Amino acid sequence: AEVLDGLPAQIRSFLLRTSALDRLSGPLCDAVAGGSGSQRILEQMERSNLFLVPLDSRRQWYRYHHLFAELLRHELDRAEPGLAALLHRRASAWHQAHGNVAEAIGHALSAGDLADARELIASGWHACFNEGLVETVESWLSRLPPEMVAGDARLCLVRAWLAPTLGRLDE
């Protein structure tokens, strides 16, 4: 909290608005925060040791330290209630446009956009399944209302594919 209080308003706003993201990149942060120059801000934050962890050697992807991220999300909910859903929608759209279906689904679910999440799961589950991410697909389905899954033949098929892999032969 002391760190946040000592930051310029622009950086504080950037931190709060990007706290909805698990991974950060300049273009993604621009899309989510609704600004520009995010890559420069990320580089400046890394140089300042501001709880930012690089995820690759080229310094294109970062993440916040998990405790700092929790603080930022809490502060976002306190300072701007309801904004997190919009930020997740923006992140979902960006990831979808860039072919990151798994992350698009996660953000759609976090935004509460269940219809969009359903469509993304129905069209992209097989790629995750083929990568061995069966539990990930299962977790997406479990975050949807049971009646939504049962009412969509495509999602019932996904559940049928998952059952034997998860050892649920009776299903």
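**Close-up 1. Phe51, Tyr64 and Phe68 form one aromatic cluster in this predicted model.** Residues are numbered from 1 along each chain as its sequence is written. Because the model is predicted, local features need pLDDT of at least 70 and side-chain atom pairs count only at pLDDT 80 or more, whereas totals for chains, interfaces and linings use all residues, and side-chain values use heavy atoms, with hydrogens and water left out. Six aromatic pairs are found in a search of the whole structure, where rings of Phe, Tyr and Trp (its six-membered ring) pair if their centres lie within 6.5 Å, and planes under 30 degrees apart count as stacked, over 60 as edge-to-face and the rest as tilted. Phe51 and Phe68 make a stacked pair, at 4.6 Å centre to centre and with 25° between the planes. This pair links distant parts of the chain, 17 residues apart, with Phe51 in the loop between α4 and β1 (52–54) and Phe68 in helix α5; helices (H or I, at least four residues) and strands (E, at least two) are DSSP runs, numbered from the N terminus. Phe51 is partly exposed, with a relative accessible area of 37%, while Phe68 is buried at 5%, where buried means under 20% relative accessible area, exposed over 50% and partly exposed in between (1.4 Å probe, protein chains only).

**Close-up 2. Trp125 and Phe129 form an edge-to-face pair.** The ring centres of Trp125 and Phe129 are 5.6 Å apart and the planes stand at 65°. Both residues lie in helix α8 (residues 114–130), four residues apart, about one turn of the helix, and both are buried.

**Close-up 3. Leu15, Leu24, Met45 and Tyr64 touch the most other members of the largest nonpolar core, which has 28 residues.** A nonpolar core is a set of buried Ala, Val, Leu, Ile, Met, Phe, Trp, Tyr and Cys residues joined through side-chain atoms within 4.5 Å. At least two residues of this core come from each of α2 (9–18), α3 (26–33), α4 (38–47), β2 (62–64), α5 (66–79) and α6 (83–97), and α6 gives the most, with five residues. Leaving aside its neighbours within four places in sequence, Met45 is in contact (heavy atoms within 4.5 Å) with Phe14, Leu15, Leu50, Leu52 and Tyr64. A second, separate core of 21 residues includes Leu109, Trp125, Phe129 and Val158.

**Close-up 4. The buried residues of α3 line one face of the helix.** These residues are Gly26, Leu28, Cys29, Val32 and Ala33. Seen down the axis of α3, they fall within an arc of 160° (the arc of the directions from the helix axis to the C-beta atoms), so they line one face. They pack against α2, α4 and α6. Cys29 has 0% relative accessibility and therefore counts as buried.

**Close-up 5. Arg23 lies over the face of Trp61, at 3.8 Å from the ring centre.** A charge sits over a ring if NZ of Lys or CZ of Arg is within 6 Å of the ring centre and within 35 degrees of the ring normal.

**Close-up 6. Glu138 is placed in helix α9 (residues 134–143).** Glu138 is buried, with a relative accessible area of 14%. Apart from its neighbours within four places in sequence, Glu138 is in contact with Arg159, Leu162, Leu166 and Arg168.
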